[in-house]
Amino acid sequence: MFLGLSVRVWGMAIGLMLLTYLGGRFLLSAKTKQKHLPTFLLIPSILAILFMVIYPLVYAFRLAFLEWHGFTPPRFVGLNNFLNMFLDYKFWSALGVTMKFVAIAVPVEVIVGLLVAVLLNRQIRGKNFLRTLITLPIFVCPVALGFVSLSLYDTNGPVNALLKIFGFQPIAWLGTPNTALASILLLDIWQWTPFCFLVFLSGLQNLSSEIYEAAYLETNSSLAIFRYLTLPLIKPIIATITMLRLLETLKVFDLPMSLTKGGPGFATETYSIMTYKVGLRQFSFGDASARAFFFLFLLFVIFTILFKIGKFSEIYE
Amino acid sequence: MVRKALLVMFVVVWLVIGVLLSSAGWSQEKRMFEGVTISIGVLAAGNRGPISGALYYWRDEWEKQTGAKLNIIEVPIAQIREKIFTDLFTGGGTFDGFDGPIWITGDLLAGDYIYDIEQWYNDPRFPRWNKDDVVPGLADVVNKWGDTWYYAPNDYDCHTLNYRRDILTDQRWQAEFEKEKGYRYNVPPRTWEELADIAEFFNGKDWNGDGEPDYGISMALQKGQQAGWHFISLASPYMMVPSADGKPTRYKGVLWFDPETMEPLINQPGFLRALEMLIRLYKAGNPAQLGWELGGAWNEFLDGKSIFNYGYGDLGPLAQDEERSKVKGKLGCSILPGTLEVWDREKGEWMKLAEPNFITNAIGPSWSIMIFKQTKYPEVVYHLAAFHASKEISFWNVTHGFTGINLGQTFQFFTDQSFGEKKGEATIEDWVNQGWDKSDAEEYVKAFYENYTMSKTILPQLRIPGMQSYYDALDDQINAAVSGQVSPEVALQRVYDEWQKITKQLGVEKQLEYYREAIGYKK
């Protein structure tokens, strides 16, 4: 039905692109070609964006106003999907879990990443080995990490074995609401702090040593130099990395999905998991689309506020 | 001379090629589906794993018989519904059929996506199987929809009880239990209350002698997995008033919805008591249960660390694998416990019973071969389904644990077990020869037999359209209630509200019609 239609539209788009190319290639005179060449060259890209980005976006937006389960004909329901979404406690719960996740993961990853970068930017023994070691977690696929961690957090797994050695009782890491979220957060922080570290390190290494030499003539306090010199200099990097991590953690899906499926209860059900369940498990396509668009709007609002409060536009100037 | 030699050589070569070709089968008569390839989706479990294992094992034989090629496409369990319907919605044509879970039948019929199999059943071109061989009542809730057959017999899932026979029959433990609880328990326990008492008694004690405290029960309660089904199985005797002939009436033998109004029954007192029981059982086991898929719960039982486990029949075959199991030869199996009280909706009160209210359990995917209407070769897919349903293949499948295919046809049972006029045809040697411990095999088959014969009232799988939405709503709340995030009352009321909403969205009248057909309700 709808998706079948989109297959036809895709065919048309690709056909149009081919026609444009062939038309430009064989039918136009040399003079016209030269004059309009840039336009012709742009047409395939514009068409590609139109059909690969704009069309699906419009299509999905339209879906947000329909009730459609796949096996029944779609029905226009106006703003019902949005209204139902706001009345759904699972929506608020998922939003809450996501915000909690972001509020803990992003600051920890950015701050720890920065501190480790500052530490390993100094002349210390074995720093190259340490740098390599620290960056390793980035290369692990999040879903794989999730499945490996299932055995890590198992009742008889290595984490509990370690606890037992120190005389503690084993913990059902993924079996209680509080420990489940903490376990996932711990993994996310373990995996993405190195990314922050890596970006900060490259930023720090680009800072001129002459500025620091001059600063050390003024003061011996490393803390003061960090506070008044390093931090202002790397502010654009902090802003960038914060935004990147914010964006990624707001969309977090793989780790909680592979570890807990959003449970126990709703303790780790993030916004992305909730939307996935509504759309691809329950086939409430309209409802899922409404939720996805609301989230897009929310991201827009969050980033607008961040740009205003953090004066990011000044930073990037 | 040279020409003569060449001529002789030519004749010899010609003869040799002729012999080779005929021995390779080129001269054979063309087989029934020569040159056809069908793609069948199946649960991703590899060539020795549950459900997919049987397809792989018999592939060569089936291809040899038909001349067709079987392309097996494995799909992870969490993506099966998504992959099937994405393919069907878009007309992708990836699958000609699917060895799939019957709980999507309502969705498939709502979209008119599958063939019924009545047209081929009596066709002599296909392998023979017998409708009457299916255990009475089971076909109505697995293979048929209304009066029409959609699936040939393959797998029949149900929840049964597994327990540590060696520990529960130990007189020392029996005496200690009696001293503590004031009564002597039955082996196996006959009611959920009795089971909970036993689980609580053993929980925290080192009854396996490994120096560490052990558990009373192991259940797979992870969200998005089996918590909802475990709860429904447990709830059925609290909610299903037995009907005299096993056929559902408005107030008897029904569980999910009122078959007259489609009103959910989930917030009724019977369900509430069942949820309180589930929470009690959870506390008599490892707290990690809330994070366990089926494998986690099985592992704990196989590792010899819990007294009880209830669920699908896979645990029996797994217990025979000595590399993984410490409980081979110690396994006890039975029908799920019943209750001595059942909620009578008609009178709005608890009905007291002299004997436990046992319910025949038919919860589970009961993997069956579905023939999609998008296929060009429905007959070839049917042939495959009929091949696996035929007596010889089907019997082999159920006695070989790795196939994950469970009993549901009468001939698969022992010769002293009967279903009306139909008798079982298996002997214990059939099982022992496959590596089963004798007593484990007896217990395992007995549990299925008890499940199918001790009650006429059947708990069916919910097969209506939108089943996944109904299930997710239930599963979410059961998980939340067990983990203590909401009270049982709030959880069940939320499920009730969500089920009402889903039914309204999909159309009350339509859903009611589907529901009645799915459970075999006639006004």
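Predicted model: local features only at pLDDT ≥ 70, side-chain atom pairs only at ≥ 80, totals over all residues.

Me: In the open sheet of chain B, which strands stand at the edges?

Reply: Start with the order of the four strands, which is β7-β8-β6-β9 in chain B, with mixed pairing. A strand at the edge has a single partner, so one side of it is left without a neighbour in the sheet.

Me: What is the bridge partner of B:I217 in β8(B)?

Reply: β7(B) pairs with β8 (residues 306-311) of chain B in the parallel sense, over three bridges. For B:I217, the partner in β8(B) is B:F308.

Me: Which helix packs on that sheet, touching β6, β7 and β8 of chain B?

Reply: Look for a helix in contact with β6 (160-164), β7 and β8 of chain B. Its direction makes about 145 degrees with that of β8(B). The helix is α9 (residues 192-202) of chain B.

Me: Is B:A152 buried or exposed?

Reply: B:A152 is found in the loop between β5 (148-149) and β6 of chain B. To count as buried, a residue needs under 20% relative accessible area. B:A152 has 3% relative accessibility, so the label is buried.

Me: How many residues of α14(B) are buried?

Reply: Helix α14 (residues 378-389) of chain B has 12 residues and reaches 16 Å from its first C-alpha to its last, close to the 16 Å expected. Among its buried residues are B:Y382, B:L384 and B:F387. For α14(B), the buried count is 11 of 12.

Me: How far apart in space are B:A152 and B:F387?

Reply: Along the chain, B:A152 and B:F387 are 235 residues apart. In space, going C-alpha to C-alpha, the distance is 9.2 Å.

Me: What area is buried between chain A and chain B?

Reply: The contact involves 33 residues of chain A and 39 residues of chain B. In chain A, the residues that lose the most area are A:F71, A:K261 and A:R281, together 22% of what that side buries. Carbon and sulfur atoms give 49% of the total, which is about 3,200 Å².

Terms used:
Residues numbered from 1 in each chain as written. Chains lettered and ligands numbered in written order. Heavy atoms only, no water. Helix = DSSP H or I, 4+ residues; strand = E, 2+ residues; numbered from the N terminus. Expected span 1.5 Å × (residues − 1). Buried < 20%, exposed > 50% of the residue type's maximum accessible area, 1.4 Å probe, protein only. Pairing = 2+ DSSP bridges. Contact = heavy atoms within 4.5 Å. Axes fitted to C-alpha atoms, helices over the stretch in contact; angles between N-to-C directions. Buried area = accessible area lost by both parts, 1.4 Å probe.
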